Amino acid sequence: MNDALRSLLELLDLERIEQDIFRGRSRASVVPRVFGGQVAAQALVAAGHTVPAERPPHSLHAYFLRPGDPGAPIVYTVDRIRDGRSFTTRRVVAVQHGRQIFHLTASFHAYEYEEGAGALEHQEPMPAAPDPLELPTAAETLPRHAERYLSKEVAERLLEARAAIDLRYADEPPYATVGRPREPRSQVWFRTQGKLDEAGDGIPRPLLDVCLVTYVSDMTLLDSILLAHGRGGWAVGDVVGASLDHAMWFHRPLRADEWLLYDQESPTSRSGRGLGQGRIFTADGQLAVTVIQEGVVRVPRG
């Protein structure tokens, strides 16, 4: 486990300041606001701390209301909406400077293992993808395109944001093909930079795995929108934007420290908004997660 991953785990390990109230720290991201994946992951950690460990999240639905201030803590208040025999529901409100910046509703359900003729189970097959070990790392890819970024500082922050996660593009990322529209599809392989402690580093597993995947899910999902229009992204400065809402469904168990394939596409963009949808598969072909997000995507004025 490298220092960046250890720092990320500390970021997710919230301080409990009351029974259902938690406080989390923030850090700067590529853009001058709190990274949306961090807020979503921290909110899910807060909700998960009020649910029995044997009942992991199976879905979340969230709205990003205001930009987060990376220089201030975030307070997460959990509302225990329902504790049923099979499902548990929680609502989380994130507050900074007295204003709500994020809402999340999450549902929790223990995995049910069925066998025989009564088991209703199917999934889409895993798409073809190259071996992740044959693909360049972010540390190898990002410096090759440093001249495209807004500044050297932005390039350094982008590399720092990837330091805890080994994230590898199956094809060229948006910032490498500026000016050349492509099919609105993207694939990345990812895993944590090192193995996770089975004890969960302060967060019980599998909650930790799900929260880490939630964190990563916001990194590249809107890439396919950029590809469709030959845009490089926020770090290049040829678009401005932000996440609006985020939904995830967790279908099968996964481990964030083992390779996961994130297959992403954009069915549409219009009126300053774009939709991204993705599927996350385990290396052995199990469909583990479905993700959908809408974001603001605009060409800068002037």
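Residues are numbered from 1 along each chain as its sequence is written, and side-chain values use heavy atoms, with hydrogens and water left out. Because the model is predicted, local features need pLDDT of at least 70 and side-chain atom pairs count only at pLDDT 80 or more, whereas totals for chains, interfaces and linings use all residues.

I begin with helix α2, residues 36–48. Helices here are DSSP runs of H or I with at least four residues, and strands are runs of E with at least two, numbered from the N terminus. From first C-alpha to last, the 13 residues of α2 reach 18 Å, close to the 18 Å expected at 1.5 Å a residue; that expectation is 1.5 Å times one less than the number of residues. Of the 13 residues of α2, 13 are buried, so the helix is largely enclosed by the rest of the structure. Buried means under 20% relative accessible area, exposed over 50%, and partly exposed in between, with a 1.4 Å probe and protein chains only.

Which helix does α2 cross at roughly 160°? The partner is α5, residues 207–217, and the two axes come within 7 Å. Axes are lines fitted to C-alpha atoms, for helices over the stretch in contact, with angles from 0 to 180 degrees between N-to-C directions. The crossing angle makes α2 roughly antiparallel to α5, a term for angles over 145 degrees.

In the loop between α2 and β3 (57–64) we find H49, which counts as partly exposed at 22% relative accessibility. Leaving aside residues up to four places away in sequence, H49 touches R16, F22, G202, P204 and L207. H49 and V78 are 29 residues apart in sequence, yet their C-alpha atoms are 9.5 Å apart.

I close with the backbone. Most residues other than glycine have a negative phi, and most peptide bonds are trans. Here a cis peptide bond, with omega about 10°, joins R205 and P206, and P206 lies in the loop between β8 (185–192) and α5. H97 has a positive phi near 50°; its loop connects β5 (87–96) and β6 (99–109), and H97 is exposed at 59%. S271, with phi near 60°, sits between β10 (260–270) and β11 (273–282) and is exposed at 56%.

Definitions and conventions:
Angles under 35 degrees count as roughly parallel, over 145 as roughly antiparallel, 65 to 115 as roughly perpendicular and the rest as oblique. Contact means heavy atoms within 4.5 Å.
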